[in-house]
Amino acid sequence: MGLFSFTQEIAIDLGTANTIIISNGKIMVDQPSVVALDRRTDKVLAVGEKARQMHGKTHENIRTIRPLRDGVIADFYAAEQMMRGMIKMINQRNHWFSPSLRVVVCIPSGSTEVEIRAVRDSAEHAGGRDVYMIYEPMAAAIGIGIDVEAPEGNMIVDIGGGTTEIAVISLGGIVSNKSIRIAGDDLTADIMEYMRCQHNVKVGERTAELIKINVGSALTFLDNPPEDYVVHGSNQMTALPMEVPVSYQEIAHCLEKSISKMEAAILSALEQTPPELYADIVRNGIYLAGGGALMRGLDKRLTDKINIPFHIAEDPLHAVAKGTGVALKNIDKFNFLIR
């Protein structure tokens with residue numbers, strides 16, 4: 001960023017759970033998608049990690065918002081303020097002027113026209129002059145290192161915070177896709193519900209997220225099981241503090257329903273796939289990306305169920321962001337970007 005370069009190019013992976021910004025091929029910002037606002041003035045108090053630490057611990061004058069729900073912008077103002085705050089994190093070095101931005105943002109493949117427009121408007125309001133968009137599974141495929149313009153079929157399953165994106169990609173386009181609104185957030189909600197019904201203990205969103213990370217599993221039997229995770233919370237009947245050890249088997253039972261829905265969606269996308277591409281997919285296997293790919297035993301469970309090998313991307317959390325970064329470098333070459 002010299003003094004005289006007037007256009008800055010950034011790639012934004014605007015996720016329900018995390019937002020990642022790439023500039024010059026490097027990840028500059030990787031923060032939770034949370035913003036804290038002052039209730040009275042609507043002024044931004046914190047963005048990203050600082051706002052996440054406030055989440056669920058605020059008093060009446062502060063509200064923490066997750067501007068994206070199910071991969072879609074649910075709160076315009078908050079989304080725009082969050083993007084601004086995160087773009088500012090990159091541009092802390094040059095205070096003379098803010099450069100005009102050329103932005104590539106990724107969006108869920110099931111987005112409606114209105115939802116696409118919402119992302120474009122927010123990006124423009126946050127300072128983007130040239131705004132391009134790319135579908136998430138496409139970005140994930142590029143990030144994993146697949147040649148998306150080759151005439152062969154590849155299938156991507158991207159399990160994010162708000163949506164699970166399933167797409168078959170060939171010749172630089174999406175042949176068949178399925179976008180379901182069951183993903184990381186729903187698994188967290190399942191855990192909160194389970195703890196309430198089964199153990200009579202109330203846990204918040206952040207604790208449920210920690211349970212998912214520490215003992216989340218898609219199988220009831222793992223080769224190297226994690227240790228039980230001890231949860232501290234209040235008993236719903238007596239309001240006295242409780243300590244509950246949670247095992248991975250319990251969580252596997254509690255997530256069963258949501259994971260079955262993901263399986264059904266993958267099968268449904270395979271059903272719509274043309275036979276020639278289907279043969280390619282069976283040969284190449286199916287790639288898992290997104291934070292949900294880190295769930296223990298998920299690849300094994302899906303491989304056993306669908307009889308096609310599932311491969312986890314080497315850096316599943318950043319696959320979409322990396323792919324968006326590559327798309328940014330090839331704006332003129334990739335004709336599947338949406339203006």
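A helix here is a DSSP run of H or I with at least four residues, and helices are numbered from the N terminus. Keep that in mind, and look at helix α10, residues 319-329. Leu-328 is found in that helix. One more point before we go on: this is a predicted model.

Let's stay with Leu-328. Is Leu-328 buried or exposed? Leu-328 counts as buried, because its relative accessibility is 7% and the cut-off for buried is under 20%. What does Leu-328 touch, once neighbours within four places in sequence are left aside? The contacts are Glu-9, Ile-10, Ala-11, Arg-102 and Val-104. Now look at Arg-120. Along the chain, Leu-328 and Arg-120 are 208 residues apart. Their C-alpha atoms are separated by 16 Å.

Next, Ser-23. This residue lies in strand β2. Ser-23 counts as buried, because its relative accessibility is 3%. Set aside the neighbours within four places in sequence, and Ser-23 is in contact with Gln-8, Glu-9, Ile-10, Met-28 and Ile-90.

Now the open space. How much space lies in the largest pocket? About 1200 Å³. The lining has 45 residues, and the closest to the pocket centre are Ala-17, Asn-18, Glu-209, Gly-291 and Leu-317. Which elements supply at least two residues each? On the strand side, they are β1 (7-14), β2 (18-23), β3 (26-32) and β11 (154-159). On the helix side, they are α5 (184-198), α6 (205-215) and α7 (248-271). Helix α6 gives the most, with 6 residues. By type, the lining of this pocket has 17 nonpolar, 16 polar and 12 charged residues.

Let's take one of those helices, α5. It has 15 residues. From first C-alpha to last, α5 reaches 21 Å, close to the 21 Å expected at 1.5 Å a residue. Which residues of α5 are buried? They are Gly-184, Asp-185, Leu-187, Thr-188, Ile-191, Tyr-194 and Met-195. Here is a rule to hold against that list. An α-helix has 3.6 residues a turn, so residues three or four places apart point the same way. What covers the buried residues of α5? The cover includes the strands β7 (68-69), β14 (201-202), β15 (229-235) and β16 (241-246). It also includes the helices α6 and α7. Just after α5, Asn-200 takes a positive phi of about 60°.

Helix α7 deserves a look too. Ser-258 is found there. Ser-258 is buried, with a relative accessible area of 7%. Not counting residues up to four places away in sequence, Ser-258 touches Ile-182, Leu-187 and Asp-190. Leu-187 is one of the buried residues of α5.

Now the closed space. How many cavities of 30 Å³ or more does the structure hold? The structure holds 1. The largest cavity has a volume of about 30 Å³. Its lining is Val-157, Ile-159, Thr-164, Met-262, Ile-266, Leu-298 and Leu-302. The elements that give two or more residues to this lining are β11, α7 and α9 (298-306). The lining of the cavity divides into 6 nonpolar, 1 polar and no charged residues.

On to Tyr-287, in strand β17, residues 286-289. Tyr-287 is buried, because its relative accessible area is 18%. Leaving aside neighbours within four places in sequence, Tyr-287 is in contact with Ile-144, Ile-146, Asn-154, Met-155, Ile-156, Val-157 and His-311. Val-157 also lines the largest cavity. Now compare sequence and space: Tyr-287 and Ile-312 are 25 residues apart in sequence. In space, C-alpha to C-alpha, they are 5.8 Å apart.

Last, the cysteines. A disulfide is a covalent bond between the sulfur atoms of two cysteines. How many disulfides does a search of the whole structure find? It finds 0. Take Cys-197: the nearest cysteine sulfur is that of Cys-254, 10.0 Å away. Cys-197 counts as exposed, because its relative accessibility is 52%. Cys-106, at 2% relative accessibility, counts as buried.

Conventions. Residues numbered from 1 in each chain as written. Predicted model: local features only at pLDDT ≥ 70, side-chain atom pairs only at ≥ 80, totals over all residues. Heavy atoms only, no water. 1 Å grid on protein atoms, 1.4 Å probe; cavity = no way out; pocket = protein on both sides within 12 Å on 5 of 7 lines; lining within 4 Å. Points joined across faces, edges and corners; volume = space filled by probe spheres on them. Nonpolar A, V, L, I, M, F, W, Y, C, P; charged D, E, K, R; others polar. Expected span 1.5 Å × (residues − 1). Buried < 20%, exposed > 50% of the residue type's maximum accessible area, 1.4 Å probe, protein only. Contact = heavy atoms within 4.5 Å. Disulfide = S-S within 2.5 Å.
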